[in-house]
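Dear colleague,

Please find below the structure that I am handing over to you. My notes on what was found in it follow directly after it.

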Amino acid sequence: MTQFMMESSVQPKPQVTNGMYRSSNAHGDHLELEKVRQELIYINTIGKRFVAAIDRFHVHRALLFALQELYSFSACCILLKENPVELFIIPCQPLSAAFFEDMLQRIVSAAHVIDFPSISVEQLISSAYFDAPDEVAQYRTPEAMECTEIGSVLNVPLIVENRIIGMLSLFDELVSTFDTEMLHFTTMIADYAAVALDNVRLRERENALWRQADFERQRLELVIRSMAEGLLITDAKGIVTSLNQSARQLFEQAHITLQDEFPFRINDLALTEEKTWLCRLAQIIDTALTDHVITNQELIVGEPGETVPLTLNVSASPLHNASGVTPQPIGVVAVINDVTSNKQIEKLKDEFVSIVSHELRTPLTTIKGYTQHLIRRIERRIRRRQVEIAPYASSPSDSPESQDLRSLYIVHSQSDHLERLVNELLDLSQVQNGQLALQYSTFHLADVLSETIHSVQMSSEQHTIYLDIQITDTLLKADRHRIAQVIGNILDNAVKYSPHGGQITVSLQRQAHEYLISITDQGVGIQPDQIDHIFERFYRVRNMNSRQYAGVGLGLYVAKAIIERHGGKIGVHAQQGTGTTFYFTLPCIPHTPAETEHEEIKHM
Ligand code: ATP
Ligand code: MG
């Protein structure tokens, strides 16, 4: 593979030079053994220099050292097949512009011969570097500066593992500088230089990658440090390995100082500090370590007596290594936010809703009372007039009194609607404040179902409501009014969200120790991604038609609170466009044994 290109006539007779191992010295009367010994010393010396080279410039020096033992020449060039190509020019004496230009021209031609991608002189100029090490450059004569012509050239490919990585070119002003007898040494030096340059290139690439990785690491650390959210990272055993400044501040706010504790396990901290929220945080991390994502968990950090305790919101995700090979997480990353101010705003909002609904209730009761009174009076008057004037004629519907009566019916029905809304808001406040009062009594669930169905059926002619009771004994101890409210809320929805009418089926069954009540409609249904949210307060499914259904999104929230207070469960099966089934359970034996209970509970 090695190929030489000599551009001047080859001179078998060696020149006399100053080099230790130049041909003139090797030639002559020396013993063969001494020659071999000299060669070995030479090879050993240059080999060590190349091995010790830590960068390109050390390689250049080692190269010059080795070559100058063989020849005396004007310049040495290294063309590397990088992308783009790189040219290193190592002058041994000052070079004239003409010499320099000719050198580039010859490199381009030679590169073409030894399988280089085509390059131009312009390209070489733009990618050329000068490296003129003072300590090795030998200025032979001051006249050399005047020398403008190249006398001899030697090109040797630089080869590593059968791969041409570049080309070494030697130039001299004199003719026949490069001696064929020295060619095997030149090849050997070129091979050393090629390996050393290749190693340097690999090292440079490695260093660049390390620098890049280090830069990225520092940037990431900066991002984590500057984050407003608290960030906590654990290893695969749940040991906290990293905690940013915001997270430390949150721990400090919770009166937990970590300076001496780091690194630590949240579990251990929970034991020493005896704090419930730390136990919960430890649980969240343990769950994430089992490859589960946990989102938006609230941790109440403050003391129970505080009006708005310090509240943290935590989300945790398992960490997997970049290759994704290991199935088990290698740690957990948890983001912690202080949501106390949100809680304060929520509390203010709740207080406002509670006060406003209380204040609305009194005038509303008065309005309803007087409206009913007026309706009754006008109805009586119309009946009396009918009897006096024309007992067998129907009353004229356009009389002023009949018109007043119709207006009053509208006022009455709208006050009913307003009253339902105010009651829902009051229920919301009770649930929020943990003051949902239950009045336990014993009654038949079947009676409550049929009464509620009857009243809903009265107001909806478009729907047919069926009651399917599959058991004989439906005795239940619960808050009758509240259970009727739950059935009413679900039935109201079944009617409201089936705008084209249809069938609604209410069924009652018994499952082990509980009653199962389900209400199925043939209405608009619910999209699967909305199902998880419909029991949240004020949540309404947002779609194009949502405006056509009146409501505030509290009916199901209150229903859920009531059912759970009774020890039951509530849920839904639904599909978009094919109707909905709501179901809830109630324990046959009440979970609170008291005959009548009036208690306050704390809403969780
Ligand atoms: P209100 O507070 O007056 O009851 P609302 O009916 O909007 O208002 P919820 O009863 O809590 O509130 O219901 C929440 C949401 O669930 C509704 O807005 C509706 O989008 C959806 N939903 C409830 N029941 C049904 C149903 N039977 N079919 C389709 N969607 C329903
Ligand atoms: Mg509703």
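Asn 162 is exposed, at a relative accessible area of 64%; here buried means under 20% relative accessible area, exposed over 50%, and partly exposed in between (1.4 Å probe, protein chains only). The residue belongs to the loop between β5 (152-160) and β6 (163-172), where helices (H or I, at least four residues) and strands (E, at least two) are DSSP runs numbered from the N terminus. Although Asn 162 is not a glycine, its phi is positive, at about 60°. Most residues other than glycine have a negative phi.

Before I continue, two remarks on conventions. This is a predicted model, in which local features need pLDDT of at least 70 and side-chain atom pairs count only at pLDDT 80 or more, while totals for chains, interfaces and linings use all residues. Residues are numbered from 1 along each chain as its sequence is written, chains are lettered from A and ligands numbered from 1 in the order in which they are written, and side-chain values use heavy atoms, with hydrogens and water left out.

Ser 176 sits in the loop between β6 and α6 (183-226), and is buried, with a relative accessible area of 12%.

As to the chain as a whole, the protein has 15 helices and 19 strands. Of its 604 residues, 43% are buried. Taking contacts (heavy atoms within 4.5 Å) between residues at least 6 apart in sequence, 67% join residues at least 24 apart.

The ligand may be of particular interest to you. Ligand 1 is surrounded by 20 residues, the closest being Asn 493, Asp 521, Arg 540, Leu 554 and Leu 556; a residue is counted as near if one of its heavy atoms lies within 4 Å. Oxygen atoms of ligand 1 also take part in short N or O pairs. One such oxygen is 2.9 Å from an N or O atom in the side chain of Tyr 497. Backbone N or O atoms are found 3.3 Å from a ligand oxygen at Val 541 and 3.2 Å from a ligand oxygen at Val 552.

Val 541 itself is located in the loop between α14 (528-531) and α15, and is partly exposed, with a relative accessible area of 25%. Its C-alpha lies 9.1 Å from that of Ile 531, 10 residues away in sequence.

Helices α13 (residues 480-496) and α15 (residues 555-565) pack at about 145°, with axes 9 Å apart; the axes are lines fitted to C-alpha atoms over the stretch in contact, and angles run from 0 to 180 degrees between N-to-C directions. Residues of α13 in this contact include Arg 482, Val 486 and Asn 493, and those of α15 include Leu 556, Ala 559 and Ile 563.

Two further sites complete these notes. Thr 371, in helix α10 (residues 340-389), is buried, with a relative accessible area of 5%. Neighbours within four places in sequence aside, Thr 371 touches Leu 408, Val 411 and His 412. Asn 433 occupies the loop between α11 (400-432) and β13 (441-444) and counts as partly exposed, at 34% relative accessibility. Its C-alpha is separated by 9.7 Å from that of Lys 347, 86 residues apart along the chain.

Yours sincerely

Conventions: Polar contact = N/O pair within 3.5 Å; in protein donor to acceptor, adjacent residues only side chain to side chain.
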